[in-house]
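Hi,

Here is the structure I promised to pass on to you. Have a look at it first, and then read my notes on charges and contacts below.

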Amino acid sequence: MSARTLFDKVWDLHTVGILPSGQTQLFIGLHLIHEVTSPQAFAMLRERGLKVLYPDRTVATVDHIVPTDNQVRPFVDVLAEEMMQYLEKSCKEHGIRFYNIGSGSQGIVHVIAPELGLTQPGMTIACGDSHTSTHGAFGAIAFGIGTSQVRDVLASQTLALSKLKVRKIEVNGKLPPGVYAKDVILHIIRTLGVKGGVGYAYEFAGTTFEQMSMEERMTVCNMAIEGGARCGYVNPDQVTFEYLKGRDFAPKGEDWDKAVEWWTSIRSDEDAVYDDVVTFEAAEIAPTVTWGITPGQGIAINEVVPIPDTLPDSEKAIAQEAYSYMHLNPGAPIQGTKVDVCFIGSCTNGRISDLREAAKFAKGKRVAEGVKAFVVPGSERVKQEAEAEGLDKIFQEAGFEWREPGCSMCLAMNPDKLQGSQLSASSSNRNFKGRQGSATGRTLLMSPAMVVAAAVKGEVFDVRELL
Ligand code: SF4
């Protein structure tokens, strides 16, 4: 057989058949569910008298609506409590494994599945959340899906999907100090655009990704969707296998050896042909900050907010919209922009390595007067690990609040919300209008280290100056 990409191999292995529409019916190896996109899907199943076809391939947790301060039940928010109860009931009824609050393994769905070893190379994964692309870091093909597709996967363990083209995004070289995986993906999206990946799967390749830890690869794949790609992945390698070894659901004994052999075989072939190839140098990437209302509206920390006339015609209208919403001045430096709220967390940057790196910069410093800064671990396991290492103390002594795990102010479907037109320095993945809970709230995306720099200075600040 001719040389193929990982995407093609995994796609072909999971193809059940071709539908009359021309779409592929794709078997889904792992279905992750949470409280927001599953209630309607379960209700549709009930209406039709259907059962969950593979409860053992379905795993649930709660993340979006959970409060991160007071988690005592019933929740103060009646709607959130109803959603919790509905998920608890549905999981019980259908025999689905559920990582509830207090289980020791609850957390953001894209944080817990990798840490439990559920996410593995060569899998097809689906979840009713856009950032399911995160799991591609392991060499899985992972899709964010809508409510009706959640129903389809619950009932049939398959999805109707159109095959994607594959773009190889190669980044080579060592990242400069103070530059992180978040900067890499913000730089890629800034360059290729938020719609640049439409119709594509992104394969992240090159020495920069090879040198990254699994958690850094997850940060990159998490935001592939923000660049318009339907999914993103990194070929599995020794780093992947070392991360997985010994995790709860990782294969054991002889099965482990067989799995590693198979995982290695599904890597893209050396001479695989891609629909497109784009190359970057790590050395050209600086700490990157968004200034607008899409993740593609980003600039290096030492650049100025772009002047409309200098932008391509296709970007002018959205730039105008961004200026009127963000209240930033074209031509002004982004560095020095005053911040009100600093948020470290989310499925992009709420993992233990993110907190360790952020804590290095927070240690011995103080959050600036008038700034609200808080850290939300991505999962109960991340929280436990961070506390065992004393990171919670470092953050608290610096004036950060230390919270319980959840999505928190990434999407603000819980009490963590911006107020009025507050400006937030955020380690999350979306800076859309109103994303952080206030219709006029403003979000600047950046790495966790840059969020700490903003918190202690009270303004957007180049973390490299704190090194
Ligand atoms: S942290 Fe944000 S992007 Fe991630 S699952 Fe939660 S709401 Fe979605």
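Let me start with a salt bridge: the side chains of glutamate 389 and arginine 356 meet in one, at 2.7 Å from N to O. By salt bridge I mean a side-chain nitrogen of Lys or Arg within 4 Å of a carboxyl oxygen of Asp or Glu. This pair links distant parts of the chain, 33 residues apart, with glutamate 389 in the loop between α14 and α15 (391-398) and arginine 356 in helix α13. Helices here are DSSP runs (H or I, at least four residues), and strands are runs of E of at least two, numbered from the N terminus.

Before I go on, please note that this is a predicted model: local features need pLDDT of at least 70, side-chain atom pairs count only at pLDDT 80 or more, and totals for chains, interfaces and linings use all residues. Residues are numbered from 1 along each chain as its sequence is written, and side-chain values use heavy atoms, with hydrogens and water left out.

Arginine 356 also forms a salt bridge with glutamate 385, where the closest N and O atoms are 3.3 Å apart. Glutamate 385 lies in helix α14 (residues 380-388) and arginine 356 in helix α13 (residues 352-362), so this pair ties together parts that are 29 residues apart in sequence. How exposed is arginine 356? It counts as partly exposed, at 34% relative accessibility; the scale is buried under 20% relative accessible area, exposed over 50% and partly exposed in between (1.4 Å probe, protein chains only). Glutamate 385 is partly exposed at 36%, and glutamate 389 is partly exposed at 36%.

The salt bridges come to 27 by this rule. Another of them pairs aspartate 152 with arginine 151, the closest N and O atoms being 3.0 Å apart. Aspartate 152 is partly exposed at 29%, while arginine 151 is buried at 18%.

Leaving aside neighbours within four places in sequence, histidine 94 is in contact (heavy atoms within 4.5 Å) with Phe42, Leu45, Arg46, Leu50, Lys51, Val52 and Pro55.

Finally, aspartate 257 lies in helix α10 (residues 253-265) and is exposed, with a relative accessible area of 52%.
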